[in-house]
Structures are given as C-alpha cells and as structure tokens.
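User: I am new to reading protein models, and I would like to go through this one step by step.

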Amino acid sequence: MRGGSRELFAGVWALSLLQLLVLLAARALHWTHHRDQALAHLRDPAVVPFYGCLSMALLAVGAGALTLGQDWIGESAAVALDTGLFVAGTAVGLVAAVAVPYLLAVRHRVEPGQATPVWLLPLVAPMVSAALGPKLIPHLPPGQPRATLLYGCFALFGLSLLATVLMLTLVFARLVAGGPLPLALTPTVFLVLGPLGQSTTAAGAFADLAPGVVPAPYAGGFGLLAVLYGVPVMGFALLWLALAAAHVVRARRQGMRFTMTWWAFTFPVGTCVTGAAALGRHTGLAAYDWLAAGLYALLVAGWLAAASGTVRGLLSGELLAAPRPAPAAPRPVTVRTTSGAVR
C-alpha cells in the first residue's frame, strides 16, 4: 500500500472509530432514557436481527486499528484496542446468534413466508470474528495461546456456517415460492453474499496463520480448506450476485427508491473482495486477483450510491422525519332524500 493511500485509509479508520464511539454513546443514552422503545425493538422481528450489526461494527473497527490505526496510535495501543473490541464484538455476536433466533421462534412467532435475508445478520457476526481473529495470533505468545485462538476462530467458522446454511434455505424458499421481496427490502438480497465471502476470507486467514501454530498435518489441512472450500463457495457467491442484481434491476424498474437498505450493497460485496483476494493468494491464479479488482469496483459503486442517497436524505430531512401517520378513514356521509329516507 502506497504512503498516500495508506494515510487516506488510516484517516477513514479514524473517522469510523469516532462514529463508533458516537453511536455507542447514543445507544447507551437511548437505553437509559427510552428503555420502552429499546425493548420494543427487541420485540419487533424486523428490527431485532440488526443487533448482529453491533458485533460486526466492533470487530471491523478493531481490525482496522491493527491494520491501519497503529500508524497513528502505535502498535501496542492498536493491539490493545483490537483485543478489546474483538472480545466485545465476539461476545455480542454470540449472544445475538443465540438470542435472535430464539426470539423469532418463541416471542415473535413469524411465518416462513416472512423470511428475509436480514435474518442472516446475527448469524454472520461470528463468521466476522472467525475471519478477523487470526490477525491477533502473531501478537500472542507462541504455543497454546496461538493455537487456542486459531481453533477458537475455526469453531466460530463452523458455528456461523452451519447456522447460515439452515437459515439460507428459508430465505431461498421465500424468494422462490413467495415471490420477490417488497421494493424497499430488495437490496437486502445482497446480504446473502456476506457469509459466503466472509467464510472464504476466514478460510484463507486460517491457512495464512496455521503454519507454525498447529502441527504440520493440520496446517496443511487449513491450506487445503482455503482452496477446496473457497473455490466452490465463491462460485456460488457469483451466482447469487447475478441473482441479486437481477432482483434489484427489476425493483428499480418498478420504482424502487432509496432507503437505508441500499447499504446492503457494501459490506457483503466487500467480503467477496477479500474472499477473492484470499483465493488469489492460495491458488496463485491471476483470475482471482482480477475478480477481486472487479468486485472492488462494484463495491465502490455501491458505496457511492448508498452514501449519496444517505446524504440527500439527511439534507432534505426525509431520513430524520417521523413516520407519517396512516390517513384517517373518511367519515360516513348521511344524506336525507326528498322522501325522508336516510342513506
């Protein structure tokens, strides 16, 4: 990474850290002063899956500290910050992965026809931990600590993968048997790319760090996993990308306007960028490097579309406006005819 671009990305990381602190403070105030509304969010099946995003935000900012933030705060502070955010993010992700499906099953009583890709958000959070946790391995003492973290991340990989497969069957069945999603929710079809790209990224990270951490046979096994798992999953990700793009084009032609769901065009595609880059490292094929570059261009386009729509909505006040009340039903009109009858 060149010096100028590294400084730019480090600045973006610093901005993301600031935003995370502001949002955490705002959520704490919300729970303190509007506990009834916060509890209502837990009871709303359309809102509660988004608690998985809190875990991913903590993990992403923590990993950025280790990758870029050390240029500003030093290596020791970056390791400490990443460690704290990784532990917190992983804990929140595990709680969400258990609590959200439990609430959907016990409290919300949703129907299969209500399944949307948003239900994947709490389940993909442990996969983000699996993909980013290996970055801390070189900063741990050799031996048991490093091996424990690697195998722990591998366990998170399996937890998230199997849970995602179960939920993905419901989502796919909903799309095929129940028809397209509502226009405002159509961009969420891209969320399925998240666990696909992130799991490929995680498998590549295991292979990168396993040599010297676990015995040779298992280290070689992680190398095989990175390729034998990553190649077919990336193939399915490209299939789903084409399917999701077709749904979005259809919805756009039918009048889909900007909503915050457009941010689904960003993170899931980003995981496919890192997944393709990992396959490029472990297969040695230039095709995956070109794929990563093409997906990165798509990521930038999606980010610009979502960011510009958000800025316009904030400036116009539309995003901050309260929900419009439903129009009142017209009053019945009483008419008296010339014969004296009332209609």
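The questions and answers below go from the overall fold to pairs of charged side chains.

User: How many helices and how many strands does the protein chain have?
Analyst: This is a predicted model, and its elements, followed from the N terminus on, run α-α-α-α-α-α-α-α-α-α-α. The secondary structure of the protein chain therefore comes, with a helix counted as a DSSP run of at least four residues, to a total of 11 helices and 0 strands.

User: What share of the residues in the protein chain is buried?
Analyst: A residue counts as buried when its relative accessible area is under 20%. Of the 343 residues in the protein chain, the share that is buried is 41%.

User: Which residue meets D208 in a salt bridge, and which helix holds that partner?
Analyst: The side chain of D208, which is partly exposed at 36% relative accessibility, meets that of R281 in a salt bridge with an N to O distance of 2.6 Å. D208 lies in helix 7 (residues 193–209), so the pair ties together parts that are 73 residues apart in sequence, and the partner is R281, in helix 10.

How values were computed: Residues numbered from 1 in each chain as written. Predicted model: local features only at pLDDT ≥ 70, side-chain atom pairs only at ≥ 80, totals over all residues. Heavy atoms only, no water. Helix = DSSP H or I, 4+ residues; strand = E, 2+ residues; numbered from the N terminus. Buried < 20%, exposed > 50% of the residue type's maximum accessible area, 1.4 Å probe, protein only. Salt bridge = Lys/Arg side-chain N within 4 Å of Asp/Glu carboxyl O.
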